[in-house]
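This report describes how the parts of one protein model are arranged. Please keep the sequence and the 3D view open while reading.

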Amino acid sequence: MLEVKDLKVSINDKEILKGLNLNIKEGEVHALMGINGAGKSTLVKTLSAHYDCVVTDGSITYKKKNLLELDVAQRANEGIFMSFQNPIEVPGVNNSYFLKTAINEKRAYAGLNEIDTMDFLKLIKEQTSKYNLDKKLLQRDLNEGFSGGEKKRNELIQLLLLNPDLIMLDEIDSGLDVDAIKTVANVVNAMLDGKKSVLMITHYDRLLELIKPDFVHILNDGKIVKTGDYSLALELDKKGYEGIGIKDETK
Amino acid sequence: MRLNDINELTLPKKRDEEFIKVNFGELFSYDFKDTQTYNFDIMGLEVRRDTKDYENSLFDITKSLDNKQVILTINSNIPEPICLIHKIKDNETFFTNSLKIEVKENVKASIIEVFTNTSNNSAYSINRSFEINENADFEYAKIQDINDKNYLLFNLDINQKENSKCKITNFEFGNGFIINNIVNILDHKNCDYELNGLVKSQETSNTANVIKTVHNAESSISNINYKHSLKDYSRAVFKAKSIVNKKALFTKAFQNSNTILLSNDACIYAQPHLEILIDELEASHGATTGTLDKEQLLYLQSRGINKDLAYEILLNAYEGKIYHNINDKLIKEFLQTYERKNYV
């Protein structure tokens, strides 16, 4: 599904990713771990075409297409979803209107008709009640005045309704209580149908306990320096980065 | 006819502090082939001579050409807004129109005025005078949708009596040369005055809002709030001056101008200005200028919304705050369904 080859990315002329390689196949769950500043968020931001990230070398192939030729919206409509670490507030834009617009943009991209309002409301009711997500969030303006937890729940509602193929979660567990983390895991696990893939960034084992990764990658100084299975995350949790031989290059 | 050539007129100059940055030259020097006063298509309205001495000489332009003023008196509550649609067709003509709206005691009323044109090189010179009596509640919305190479000079004088409310919303949609000159001298207690504006300009549109508010009595509120979204080569001036005099204890005086510049060539000159002679009041003034938030744009795009649509959604959200401030549901509905083509 996704093949990243020798990727070099700079932000403000500073090279953050220094030749990163990653291969994600259909149905796989990958976890990305690493010390602060290693380049984890830069990778997912680059995959979703964030304006900060300048690709200086390397290639990204997604569903056999050159991802670097697609803009932000095209990537989203091709099925890439990034859950933001801190979703921005957009006053004056109704959340429900935003979501319906996003769904219709995706449908138009796929050559489908717009979703009927009744079908949209039905879909929201079905999906939010299944995971006990507060659908009142949709009556408010997009992320405006939302608590940290509400913002993350709102990202989950978008995730459910946009139904992407590659789910990228950038520290979705940060600032969430135990029950909210369980909700995240329930949503993601229920979406895993053998075709969808996940790339999640986390610092903690708690989320990985609930969404079992097939691969755990340790990123250091802009490169993946170690790859293993879930046991690598457990070892990391026990010994820390130094304990598994990762030296903090930023010091 | 050139305004510059009318002897009895003392026209303001660009360098006058009150009108600094307002480019009058084009309007004052243009040679109009004809002048014309047009009347309302309403039967039975009283007509009087306008003898009032206004705060500035811009009011004198209409008066010097025709000093008759039509009087619209509202004696009882009206359930729906009165709509006054103005459309000029003749080219090279300077049109004048003067109307006084009297809202009687305890009456609730609302009015919408729309100014459009199909003319070339013509001008509206409009005088409006609002007299809002004790405990009256008046809401007024003006839509200006005048195209390129045409002018609108809109002078508004507001006179509020005790405990009255006056809410005005101006929508500037056209590409013409526009000057709004709005004066409210609050001589009575407990008046509530709210002035909102949306200046949505493009191409070579030139819009100036010159606003003067004077608080002379206790416990009144003035709240002036303008939003500008400027595209292409459009230019806007926002000059708001609020004076709070010694007798106007417990006044609340607010001014705010926000601008989004949507091109490198669009420009705004925004000058909110307070002159305060007392300590017992609440007051604030501010002006911001910027572009659309790129983080917000990215967020919308990251969910599959293309850049142009994301841009439009954010711009509508920004401008929407002015629409949301309107109290009268029917005025809101009118504005939501407003399209220029229906009025020209």
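## The four-stranded sheet of chain A

Chain A holds an open sheet of 4 strands, ordered S2-S1-S4-S5 and paired in the antiparallel sense. Its edge strands, each pairing on one side only, are strand S2 (14–24) and strand S5 (65–66) of chain A. The model is predicted, and local features are given for residues with pLDDT of at least 70.

Strand S1 (residues 2–11) of chain A is joined to S2(A) by 8 bridges, and the two run antiparallel. One of the residue pairs can be named: A:Leu2 has A:Ile24 in S2(A) as its bridge partner. Helix H1 (residues 40–47) of chain A packs on this sheet, where it touches S1, S2 and strand S4 (53–62) of chain A. The direction of H1(A) makes about 65 degrees with that of S4(A).

## The nonpolar cores

The largest nonpolar core has 78 residues. A:Leu32, A:Ile167, A:Met168, A:Val198 and A:Met200 have the most contacts inside it. Helix H5 (residues 148–162) of chain A supplies the largest share of this core, with 5 residues.

What does A:Leu32 touch, not counting residues up to four places away in sequence? Its contacts are A:Lys40, A:Leu43, A:Leu199, A:Met200, A:Ile201, A:His217 and A:Leu219. Among them, A:Met200 is also listed with the residues that have the most contacts inside the core.

## Helices H5 and H6 of chain A

H5(A) packs against H6(A) at an angle of about 10 degrees, and the two axes are 11 Å apart. The pair is therefore roughly parallel. On the H5(A) side the contact is made by A:Gly149, A:Lys152, A:Leu156, A:Leu159 and A:Leu160. On the H6(A) side A:Ala180, A:Thr183, A:Val184 and A:Val187 take part.

## The loop residue A:Lys195

A:Lys195 is found in the loop between helix H6 (178–191) and strand S10 (197–201) of chain A. Is this residue buried or exposed? A:Lys195 counts as exposed because it has 11 C-beta neighbours inside 10 Å, and the cut-off for exposed is 12 or fewer.

Leaving aside neighbours within four places in sequence, A:Lys195 is in contact with A:Glu26, A:Gly27 and A:Asp165. A:Ile115 is 80 residues apart from A:Lys195 along the chain, and their C-alpha atoms are separated by 24 Å.

## The eight-stranded sheet of chain B

In chain B, 8 strands form an open sheet with parallel pairing, in the order S4-S6-S8-S10-S12-S14-S16-S18. Strand S4 (82–88) and strand S18 (281–290) of chain B are the edge strands, and each pairs on one side only. On average, neighbouring strands of this sheet are turned by 5 degrees against each other, direction ignored. Strand S16 (residues 251–261) of chain B is joined to S18(B) by 10 bridges in a parallel run. In S18(B), B:Gly286 is the bridge partner of B:Asn256.

S10(B) is mostly covered, with 8 of its 8 residues buried. B:Lys165, B:Lys167, B:Thr169 and B:Phe171 point one way from S10(B), while B:Cys166, B:Ile168, B:Asn170 and B:Glu172 point the other way. In a regular strand the side chains alternate between the two faces of the sheet. Strand S8 (residues 137–145) of chain B pairs with S10(B) in the parallel sense over 8 bridges, and B:Phe138 has B:Cys166 in S10(B) as its bridge partner. S10(B) also pairs with S12(B) in the parallel sense over 8 bridges; there B:Lys165 stands opposite B:Asp192 in S12(B).

Helix H4 (residues 307–324) of chain B lies across strand S10 (165–172), strand S12 (192–201), strand S14 (221–230) and S16 of chain B. Its direction is at about 155 degrees to S14(B).

The axes of H4(B) and helix H3 (residues 294–301) of chain B come within 9 Å and cross at roughly 125 degrees. The two helices, H3(B) and H4(B), are therefore oblique to each other, and H3(B) passes H4(B) in a right-handed crossing. In H3(B), B:Gln296, B:Leu297, B:Leu300 and B:Gln301 meet B:Lys307, B:Ala310, B:Tyr311, B:Ile313 and B:Leu314 in H4(B).

H3(B) is mostly covered, as 6 of its 8 residues are buried. These buried residues pack against helix H2 (72–77) and strand S7 (90–94) of chain A together with H4 of chain B.

Conventions. Residues are numbered from 1 along each chain as its sequence is written. Chains are lettered from A and ligands numbered from 1 in the order in which they are written. A nonpolar core is a set of buried Ala, Val, Leu, Ile, Met, Phe, Trp, Tyr and Cys residues joined through C-beta atoms within 7 Å. A residue is buried if 20 or more other C-beta atoms lie within 10 Å of its own, exposed if 12 or fewer, and partly exposed in between; C-beta atoms are placed from the backbone. Two residues are in contact if their C-beta atoms, placed from the backbone, lie within 7 Å. Two strands pair if DSSP finds at least two bridges between them. Axes are lines fitted to C-alpha atoms, for helices over the stretch in contact, and angles run from 0 to 180 degrees between N-to-C directions. Angles under 35 degrees count as roughly parallel, over 145 as roughly antiparallel, 65 to 115 as roughly perpendicular and the rest as oblique. A crossing is left-handed if the near helix is turned anticlockwise from the far one by less than a right angle, and right-handed if clockwise.
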